[in-house]
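Here's a quick tour for anyone opening this one for the first time. Have a look at the sequence and the structure, and then we'll walk through a few spots together.

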Amino acid sequence: MDKIMVVEDEASIRDFIVLSLKHAGYEVLTSESGELALQLFSQNPDIKIILLDVMLPGIDGFEVCRRLRVASDSIGIILLTAKIQESDKVQGLGLGADDYITKPFSPAEMIARLKALRRRLGLQGKKDQAETIVSSIFRLCEDNEQFFRNGQLIELTPTEFQLVKVLMQHADQLLSRDELLDKVWGKNFVGDAKIVDVNVRRLRQKIEDDPSNPRYIVTHWGRGYFWHGDKR
């Protein structure tokens, strides 16, 4: 049973989320503030996913997200937000969130997002035949979800790892945003397609010598992205 933490200061929303999660079979911890959430996370290293409200008293959800991501690359983070501004979505994803859900949302949507994130986190079982992909100066090891550049380990979030794996599996093949959404976030993903762009930017910051002039994750404007693995 996966352990999930719900960080939400509004009791009615928190109770609704907790009830839905427990009904779906999850173990749930709750927090009303960002400060308590960070404390609980340090005390419960087996937490797998955090549902994190953006508008919190004290430390806001964006700052909590940033600190959680610094503490762990493997935790799954889904932002809960009533804000719909594009800048807020981009800010949260840029700080390391894996996904976001805009309020109000249904239990079915929440559980579907959780299932998709669990798949990216590798919580639904490993493949019998784990894949190792070598491309140019990069090596991706699926069995332990590690990614190397010139032999040096690069820390990636679960979503970043899945994204670069799909790109490398389809080296020199143009993949549209929609194709990447289907392969990484799942066919039932109902969020903003710009989540692809934000994660590509984060990946480039980690693996490219010059992220503003990428050599490996190349943009075909208006059409999508492709992995150019033979670049040296």
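Let's start with a side-chain pair: Gln 162 makes a polar contact with Lys 165, side chain to side chain, at 3.3 Å. A polar contact here is a pair of N or O atoms within 3.5 Å; within protein, one must be able to donate a hydrogen and the other to accept it, and residues adjacent in sequence count only if both atoms are side-chain atoms. Keep in mind that this is a predicted model, where local features need pLDDT of at least 70 and side-chain atom pairs count only at pLDDT 80 or more, while totals for chains, interfaces and linings use all residues. Residues are numbered from 1 along each chain as its sequence is written, and side-chain values use heavy atoms, leaving out hydrogens and water.

**Around Gln 162**
- Gln 162 sits in helix H6, residues 158-169 (helices are DSSP runs of H or I with at least four residues, strands are runs of E with at least two, and both are numbered from the N terminus).
- With 10% relative accessibility, Gln 162 counts as buried (buried means under 20% relative accessible area, exposed over 50%, and partly exposed in between, using a 1.4 Å probe and protein chains only).
- Leaving aside residues up to four places away in sequence, Gln 162 touches Arg 120, Glu 145 and Val 184 (contact means heavy atoms within 4.5 Å).

**Asp 53, the annotated residue**
- UniProt, in an unreviewed entry, lists Asp 53 for "modified residue: 4-aspartylphosphate"; such annotations may be inferred rather than shown by experiment.
- You'll find Asp 53 in strand S3, residues 47-53, and it's buried at 3% relative accessible area.
- Beyond residues up to four places away in sequence, Asp 53 touches several residues, including Val 7, Glu 8 and Lys 103.

- Glu 8 lies in the loop between strand S1 (3-7) and helix H1 (11-23).
- Its relative accessible area is 0%, so Glu 8 is buried.
- The side chain of Glu 8 reaches the backbone nitrogen of Glu 10 at 2.9 Å.
- Among the residues Glu 8 touches, not counting those up to four places away in sequence, are Arg 14, Ser 31 and Leu 56.

**Helix H8**
- H8 covers residues 194-207, and its 14 residues should span 20 Å at 1.5 Å a residue, which agrees with the 20 Å between its end C-alpha atoms (the expected span is 1.5 Å times one less than the number of residues).
- H8 is mostly covered, with 10 of its 14 residues buried, among them Ile 195, Asp 197 and Arg 202.
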